[in-house]
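Biologist: I should like to learn how to read helices and salt bridges in a model of this kind. Please take the general idea first and then the case at hand.

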Amino acid sequence: MTTAIRPFSVCVYCGSRHGDDPAFTEASRTLGRSIAERGWRLVYGGGRVGLMGEVADAALAAGGSVLGVIPQRLEAREVGHTGLTELVVVPTMHARKQAMAEAADAFIALPGGLGTLEELFEVWTWRHLGYHDQPIGLLNVSGFYDLLLGFLQQTEASGFVDAGQQALLQVQADPQALLNRIAAASVNSTRREDFSRI
């Protein structure tokens with residue numbers, strides 16, 4: 001009996017809103033489509049609204065595989081995407097983040113709000129602490145993250161973050177360029193399957 005090998009999987013964190021710049025939506029569509037065109041799988045938060053819905057719909061339209069993970073509370077509000085390859089409903093936000101991390105070979109953050117920032121910093125912290133060695137990317141669309149990146153430079157200058165920690169984050173403004181860097185960085189990574197003990 002053979003076990004199917006799943007495709008390289010990219011976990012994308014992004015807003016449940018579209019934001020005020022059409023470039024955010026376009027970048028989300030480009031990223032989703034490009035992930036599918038590379039034969040990779042999209043893993044994301046399972047919603048059908050905002051940039052979340054855009055990245056998923058673009059991947060699906062390009063023939064890609066999409067895994068969504070959504071908490072029961074959000075599914076009950078009817079924001080779950082029912083057209084995905086697979087939608088997993090979990091009891092809590094913690095379970096959602098764990099399931100997404102375990103299904104991913106790399107992580108990318110698009111523009112987003114509190115949830116996106118929290119998810120990005122969590123997987124970045126996990127990488128720094130050695131819980132995984134998968135690449136992490138930040139898609140800095142239209143300079144959305146410029147102020148955040150400036151603040152991170154301040155944290156380094158103030159002695160709270162070092163250059164090695166900063167280097168763990170791949171930053172690009174173009175979706176294709178970011179995916180290329182993720183692909184190159186993933187060559188030597190080893191997947192960490194168990195995030196339940198973090």
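Predicted model: local features only at pLDDT ≥ 70, side-chain atom pairs only at ≥ 80, totals over all residues.

Biologist: What span should helix α5 have, and how far apart are its end C-alpha atoms?

Modeller: Helices (H or I, at least four residues) and strands (E, at least two) are DSSP runs, numbered from the N terminus. The expected span of a helix is 1.5 Å times one less than its number of residues. Helix α5 has 16 residues, 114–129, and should therefore span 22 Å; its end C-alpha atoms are 22 Å apart, in agreement. Just after α5, G130 adopts a positive phi of about 90 degrees.

Biologist: Which residues of α5 are buried?

Modeller: An α-helix has 3.6 residues a turn, so residues three or four places apart point the same way. Buried means under 20% relative accessible area, exposed over 50%, and partly exposed in between (1.4 Å probe, protein chains only). In α5 the buried residues are T116, E119, L120, V123, W124 and W126. They lie on the same side of α5 because they cover an arc of only 160 degrees around the axis, the arc being that of the directions from the helix axis to the C-beta atoms. L114 and L129, on the other side of α5, are exposed.

Biologist: How many salt bridges does a search of the whole structure find?

Modeller: A salt bridge is a side-chain nitrogen of Lys or Arg within 4 Å of a carboxyl oxygen of Asp or Glu. The search finds 4. One of them joins D105 and R6 at 2.8 Å, N to O. This pair links distant parts of the chain, 99 residues apart: D105 is in the loop between α4 (93–102) and β5 (106–109), and R6 in the segment before β1 (9–13).

Biologist: Are D105 and R6 buried or partly exposed?

Modeller: D105 is buried, at 7% relative accessible area, whereas R6 is partly exposed, at 29%.

Biologist: Which residue forms a salt bridge with E122?

Modeller: The partner is K97, with the closest N and O atoms 3.2 Å apart. E122 belongs to helix α5 and K97 to helix α4, 25 residues apart. E122 is partly exposed, at 21% relative accessible area, and K97 counts as buried at 9%. Salt bridges with shared partners join K97, E118 and E122 into one network.

Notes. Residues numbered from 1 in each chain as written. Heavy atoms only, no water.
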